[in-house]
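Work through the following exercises with the structure in view, and try each one before reading its solution.

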Amino acid sequence: MRMRPTAQSAGQQPEGERQAEELRAELDELLRASRYASQRERRLNEAIRATPGRQRPDGELLRQLAQARTLREGLGTRCLQLSDQLEELESLIRQRQQPPPPAPQQYPQHPQQQQPYEQQASRHHQQPPWQPAPPTPARPDLGALTERITTLHRAGSLAEATEVIDAAAARLTPTDAALLVGRLARSGPAGGSLLLARSIARSAPDHCVTVLTELRELGLAEEAAEVFHTFWSYPAVSVPGLLSALDRAGLAADSATLLWEWGSAPVPELTSLAACLQQHGRSADVRTLLRQAAGRSSADLADLAAGLPPALATLLLNELAVLRPPVEVARLAAALDGAGRSELYAQLLAALLADEARHRTTLAALRTAGLPTRPPAAPRSRWGRR
């Protein structure tokens, strides 16, 4: 019969594997602690930003913020050290644990009693011969991957090094991707970590947002900023999914920053994004986006209102009537009237007349500019009274 390997007795775990499990458990605990420190640092920053403009932030808040930042940076450094130790230990374990050679088939010295074929087949299915369990998939060797990228870069094979980086960005888990970024930042070629960060930002929204969070927890601020800045180049159709991923990760401040950047995009792209957000039911984001765009020139706002769907154009004009000074609203009205966009002018005028007392100065500016301040009268029927 086939013999089982006896390198380790039953129930006993090899020393190297036990150490690897302890390192993994410690690394998981440190990552959780780093995540908590990052959340606390973010909450303290928000509390400090909420301080009224001319008041000095509370000294206790500043002290707690410094402590949280120091803790987060220390935990990130320790996480990277443990990751290096774990990679070296796993590499050593893989070298030592070679699959055992198959044992030779041993035949009995005496012939067995003959049995019917049906009984032999039944016994064969009930008691299959022992086979080794399939090996569990090993974690990628980040150290070897870093060395390969570095070697290719030094040899001048930049295209091949970029291919390796792109493949790693697509295949690694968020945690391993963030750890590889850290390795490249410390010992890889110049710019390698930033190149990997940009490649990660082109992956699925949930994946790249998770990597962004991991990078911040590890203290890799420059690489995290590179991931976030790459979000600005997303096409409009991809932005709603990205905003949803940021919301699920608790990064509402990043969503607001992204919409603020989009507020200065070219008018066609801004119009496309507003329509995409509306289609995905993100009405609050549409309002935020249009408010960010409210500071643009009158000509841009006239083109934007003309390119938006009717409901969004009405929303934009209502926001402009409230947010823009009377002189600038009058300029916008003149741009709409001069371009022959009578429907949009009527919508802006309706927003002003809905609260005539509030917009008295704006209506006076329209009269000074020679623009109508009353909606045109409905055409009279030819069969009406004369």
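**Exercise 1.** Is Tyr 234 buried or exposed?

Solution. This is a predicted model, in which local features need pLDDT of at least 70, side-chain atom pairs count only at pLDDT 80 or more, and totals for chains, interfaces and linings use all residues. Residues are numbered from 1 along each chain as its sequence is written, and side-chain values use heavy atoms, with hydrogens and water left out. Buried means under 20% relative accessible area, exposed over 50% and partly exposed in between, for a 1.4 Å probe and protein chains only. Tyr 234 has a relative accessible area of 11%, and it is therefore buried.

**Exercise 2.** Describe how the ring of Phe 231 pairs with the ring of Tyr 234.

Solution. Rings of Phe, Tyr and Trp (its six-membered ring) pair if their centres lie within 6.5 Å, and planes under 30 degrees apart count as stacked, over 60 as edge-to-face and the rest as tilted. Phe 231 is itself buried, at a relative accessible area of 0%. With Tyr 234 it forms an edge-to-face pair, 5.5 Å centre to centre and with 75 degrees between the planes. Ring pairs link Phe 228, Phe 231, Trp 232 and Tyr 234 into a cluster.

**Exercise 3.** At roughly what angle do the axes of helix α16 (residues 326-338) and helix α17 (residues 342-353) cross?

Solution. Helices are DSSP runs (H or I, at least four residues), numbered from the N terminus. Axes are lines fitted to C-alpha atoms over the stretch in contact, and angles run from 0 to 180 degrees between N-to-C directions. The two axes come within 8 Å and cross at roughly 150 degrees. Angles under 35 degrees count as roughly parallel, over 145 as roughly antiparallel, 65 to 115 as roughly perpendicular and the rest as oblique, and α16 and α17 are therefore roughly antiparallel to each other.

Conventions: Helices (H or I, at least four residues) and strands (E, at least two) are DSSP runs, numbered from the N terminus.
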